[in-house]
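Please look at the sequence and the 3D view together before reading on.

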Amino acid sequence: MSTTKSSCYVRFLNLIDALDRMNPGKKLDSIEESLLDKIILSFHANQSLLVGDLISMSEFGSQATLHGRLKNLSAMGYIKMAANEDGRKKEVVPTKVAIKRYEEISKCLEKAVKAG
């Protein structure tokens with residue numbers, strides 16, 4: 001086994017793994033992570049993101065799969081869906097829980113870089 005110093009990214013992955021183990025009921029699969037990333041990016045860009053926009057992203061899976069993952073994210077408390085102005089479409093917004101998750105991930109990244 002090599003005794004070389006691990007890369008910043010490996011340290012980051014280890015910190016993220018520890019973070020996930022501290023919140024075992026809130027472990028996301030790769031599709032949920034991708035959807036939540038998209039939701040957070042839109043939120044920080046002050047762009048409205050509708051349920052229909054997300055379930056039409058075929059690169060992440062079928063509409064049924066994506067709808068199920070959105071329901072999971074909502075049940076875990078990461079997102080909420082609110083009716084938009086005309087009430088016919090639902091806008092997806094991150095909750096404080098989701099924003100806190102990304103703050104914790106940012107801290108893990110900073111810690112991994114500083115340890116380098």
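## Basis of the model

The model is predicted, so to speak of local features a pLDDT of at least 70 is needed, while side-chain atom pairs count only at pLDDT 80 or more and totals for chains, interfaces and linings use all residues. Residues are numbered from 1 along each chain as its sequence is written, and side-chain values use heavy atoms, with hydrogens and water left out.

## Overall build

The protein has five helices and two strands, which follow one another from the N terminus in the order α-α-α-α-β-β-α. Helices (H or I, at least four residues) and strands (E, at least two) are DSSP runs, numbered from the N terminus. The C-alpha trace spans about 60 × 25 × 25 Å along its principal axes.

Of the 116 residues in the protein, 31% are buried, where buried means under 20% relative accessible area, exposed over 50%, and partly exposed in between, with a 1.4 Å probe and protein chains only. Among contacts (heavy atoms within 4.5 Å) between residues at least 6 apart in sequence, 62% join residues at least 24 apart.

## The largest pocket

The largest pocket is lined by Tyr9, Phe12, Leu13, Ile16, Asp20, Glu33, Asp37, Arg101, Tyr102 and Ile105. A pocket is defined on a 1 Å grid over the protein atoms alone, as an open set of points where a 1.4 Å probe fits, with protein on both sides within 12 Å along at least five of seven lines, and lining residues have an atom within 4 Å of a point.

Helix 1 (8-22), helix 2 (30-44) and helix 5 (96-114) each supply at least two residues of this lining, and the largest share, five residues, comes from helix 1.

Ile105, one of the lining residues of the largest pocket, is found in helix 5. Leaving aside neighbours within four places in sequence, Ile105 is in contact with Phe12, Ile16 and Leu19. The C-alpha atoms of Ile105 and Leu15 are separated by 8.5 Å, although the two residues are 90 apart along the chain.

## Asn46 in a loop

Asn46 is found in the loop between helix 2 and helix 3 (51-55). The phi angle of Asn46 is near 55 degrees, which is a positive value in a residue other than glycine. Asn46 counts as exposed because its relative accessibility is 74%.
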